[in-house]
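Hi,

Here is the structure I promised to pass on. Have a look at it first, and then read on for what turned up in it.

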Amino acid sequence: MRIDYGTVAPEGYKTLLAMYGYLKHTALPASLLHIVYLRVSQINGCPYCIDLHWKDAINSGEDARKLNAIVKWKDMPFFSKKEKAALALAEAMTILKDQEVPEAILNEARQHFNEKDLVDLSFAIAHMNMLNRVAITFHKVPEK
């Protein structure tokens with residue numbers, strides 16, 4: 001690792017991780033957060049976060065087959081309409097094509113999430129993007 005950022009700036013790192021605590025107390029199901037975290041981490045190519053969130057999902061009872069299918073979620077029968085709306089929003093917010101989240105994606109998400117849950121979901125997606133970018137910058141990788 002280039003810099004062990006958790007050791008160099010422990011208070012900052014603790015503050016970054018505090019968002020997990022907030023998100024755990026929202027109405028968003030842990031299973032939904034796991035697949036969103038994993039998909040965002042896949043898009044960003046963060047080795048540490050992909051490994052971490054895959055393990056977290058497995059440890060909370062998520063099906064490995066479903067987790068392995070996230071990369072092609074649009075074509076897989078394992079995801080509910082709500083999960084697909086969340087994954088579409090996660091991809092749109094992470095990639096930000098034309099610096100915009102398409103209205104159609106946001107409208108689809110609104111059909112499955114109330115305003116509070118939609119804002120919390122956007123916080124979760126943004127949070128994971130931030131953590132991915134820090135881990136990628138400093139080459140954090142999973143331990144064997």
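Let's start with E91, which is buried, with a relative accessible area of 11% (buried means under 20% relative accessible area, exposed over 50%, and partly exposed in between, with a 1.4 Å probe and protein chains only). Before going further, note that this is a predicted model: local features need pLDDT of at least 70, side-chain atom pairs count only at pLDDT 80 or more, and totals for chains, interfaces and linings use all residues. Residues are numbered from 1 along each chain as its sequence is written, and side-chain values use heavy atoms, with hydrogens and water left out.

Back to E91. Its side chain meets that of K74 in a salt bridge (3.9 Å, N to O); the term stands for a side-chain nitrogen of Lys or Arg within 4 Å of a carboxyl oxygen of Asp or Glu. E91 lies in helix α6 and K74 in the loop between α5 and α6, so the pair ties together parts that are 17 residues apart in sequence. (Helices are DSSP runs of H or I with at least four residues, strands are runs of E with at least two, and both are numbered from the N terminus.) K74 counts as exposed, at 55% relative accessibility.

E91 also has a salt bridge with R39 (2.8 Å, N to O). That pair links distant parts of the chain, with R39 in helix α3 and E91 in helix α6, 52 residues apart. R39 is buried too, and R39, K74 and E91 are linked in a network of salt bridges. The whole structure has seven salt bridges.

Now for the pockets. A pocket here is an open set of points on a 1 Å grid over the protein atoms alone, where a 1.4 Å probe fits, with protein on both sides within 12 Å along at least five of seven lines; lining residues have an atom within 4 Å of a point. The largest pocket holds about 240 Å³ of space, a volume being the space filled by probe spheres set on the points, which are joined across faces, edges and corners. Its lining has 16 residues, and E91 is one of those nearest the centre, along with A88, A92, P102 and I105. Helix α6 gives the most to that lining, with seven residues.

The second largest pocket has a volume of about 210 Å³. Its lining takes two or more residues from each of α2 (10-24), α3 (30-44) and α4 (47-59), and the largest share, four residues, comes from α3.

Cheers
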